[in-house]
Amino acid sequence: MAQPSLLTSISSYLVISFSLLFFLTSNVEARVSCNPISYIVNETLYNTLFLHKDDAACPAKGFYNYSSFIEATKSFPKFGSTGDLTTRKREIAAFFAQISHETTGGWATAPDGPNAWGLCFKEEVNPQSDYCDSTNTQWPCYPGKTYHGRGPIQLSWNYNYGPAGKALGFNGLENPELVANNSVISFKTALWFWMTPQNPKPSCHDVMVGLYHPTAAYRAANRTAGFGLTTNIINGGLECGIPTTAQVQDRINYYKRYAQIFGVDVGPNLDCANQQHY
């Protein structure tokens, strides 16, 4: 039997190698396309954005890890995947800015600046009440439980814990502690709040991706689309409709930092000073 020539052997090897490379590349592309968030935010970038989240000074050290964030986003496939790439990056930057303010551990002279200290806390320190609205009969408080701020968005009040738990598959009224004890659930509650409209409020997601279309009444209240409206949705009763507060400015500063890192502009209407709060 004739032996294969050296040229034939090399050709066969190259065909097999290129086929294997194509297969591996295709699989990588498929994985990326299945998770648009990891395409925009890889683990290295995530740790750069939240530069000090795992410092010893942060009570949430080790809690807000990248894998938990990515796992949580799988329950909200429209987050960070709606619109063109600039819109997607801007939404993620806005979300990161809001959760960073809610969980910040930064101070004026903090290393790397105050806005490098997002995701430092996982629950409210010294809550002033149990955050139980006893008049809400749809989501009644469970005896002995407190509904103070927990997680990246600092989920608060029984009327948020109840529906968040129902949507995510846990008993938020009976087991609110899960939001500070399970990092995936914690991120899911923040994304639930971000993605879910709560009449008369639109969702923060719709505001940031251009799906919010204000009525005449909302235009009269100056509730125009932009990052400032997400602040109004989250904490407008205390921060909006008044001259820009330090809290609002901190949210804006976080947003500017993240938008710069993502390489996108911040868009219009950053503050909510002239907006009527909800």
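At 2% relative accessibility, cysteine 120 counts as buried, where buried means under 20% relative accessible area, exposed over 50%, and partly exposed in between (1.4 Å probe, protein chains only). The model is predicted: local features need pLDDT of at least 70, side-chain atom pairs count only at pLDDT 80 or more, and totals for chains, interfaces and linings use all residues. Residues are numbered from 1 along each chain as its sequence is written, and side-chain values use heavy atoms, with hydrogens and water left out.

## Overall make-up

The secondary structure of the protein comes to 12 helices and zero strands. Helices (H or I, at least four residues) and strands (E, at least two) are DSSP runs, numbered from the N terminus. Of the 278 residues in the protein, 45% are buried. Among contacts between residues at least 6 apart in sequence, 67% join residues at least 24 apart; contact means heavy atoms within 4.5 Å.

## Disulfides

A disulfide is a covalent bond between the sulfur atoms of two cysteines. Here the criterion is a pair of cysteine sulfur atoms within 2.5 Å, and by this rule the count comes to three disulfides. With bonded cysteines counted along the chain, the pattern is 1-2, 3-4, 5-6.

| Cysteine pair | S to S distance | S-S torsion |
|---|---|---|
| cysteine 58 and cysteine 120 | 2.1 Å | about -105° |
| cysteine 132 and cysteine 141 | 2.0 Å | about 110° |
| cysteine 240 and cysteine 272 | 2.1 Å | about -75° |

The torsion about the S-S bond of cysteine 58 and cysteine 120 is about -105°, so this disulfide is left-handed. The pair links distant parts of the chain, 62 residues apart: cysteine 58 is in the loop between H3 and H4, and cysteine 120 is in the loop between H5 and H6. Cysteine 58 is buried, at 3% relative accessibility.

For cysteine 132 and cysteine 141 the torsion is about 110°, so the disulfide is right-handed. Cysteine 132 is partly exposed, with a relative accessible area of 25%, and cysteine 141 is partly exposed, at 24%.

The disulfide of cysteine 240 and cysteine 272 has a torsion of about -75° and is therefore left-handed. Cysteine 240 lies in the loop between H11 and H12 and cysteine 272 in the segment after H12, so the pair ties together parts that are 32 residues apart in sequence. Cysteine 240 is buried, at 3% relative accessibility, and cysteine 272 is buried, at 0%. Another cysteine, cysteine 204, also counts as buried, with a relative accessibility of 0%.

## Aspartate 55 and threonine 73

Aspartate 55 is found in the loop between helix H3 (43-49) and H4. Its relative accessible area is 26%, so aspartate 55 is partly exposed. The C-alpha atoms of aspartate 55 and cysteine 120 are 8.2 Å apart, although the two residues are 65 residues apart in sequence. Leaving aside neighbours within four places in sequence, aspartate 55 is in contact with Lys61 and Trp117. The side chain of aspartate 55 also makes a polar contact with the side chain of histidine 52, at 2.8 Å. A polar contact is a pair of N or O atoms within 3.5 Å; within protein, one must be able to donate a hydrogen and the other to accept it, and residues adjacent in sequence count only if both atoms are side-chain atoms.

Threonine 73 lies in helix H4 (residues 66-73). With a relative accessible area of 5%, threonine 73 is buried. A polar atom of the side chain of threonine 73 lies 2.6 Å from the backbone oxygen of isoleucine 70. Leaving aside neighbours within four places in sequence, the contacts of threonine 73 are Asn35, Ile37, Phe79 and Leu191.

## The largest pocket

About 890 Å³ of space lies in the largest pocket. The residues that line this pocket number 31, and the closest to its centre are Glu102, Gln154, Ser156, Ile234 and Asn235. On a 1 Å grid over the protein atoms alone, a pocket is an open set of points where a 1.4 Å probe fits, with protein on both sides within 12 Å along at least five of seven lines; lining residues have an atom within 4 Å of a point. Grid points are joined across faces, edges and corners, and a volume is the space filled by probe spheres set on the points.

The elements that give two or more residues to the lining of the largest pocket are helix H5 (85-102), helix H6 (158-168), helix H11 (227-239) and helix H12 (246-262). H11 gives the most, with five residues. By class, the lining has 14 nonpolar, 11 polar and six charged residues. Ala, Val, Leu, Ile, Met, Phe, Trp, Tyr, Cys and Pro count as nonpolar, Asp, Glu, Lys and Arg as charged, and the others, Gly among them, as polar.
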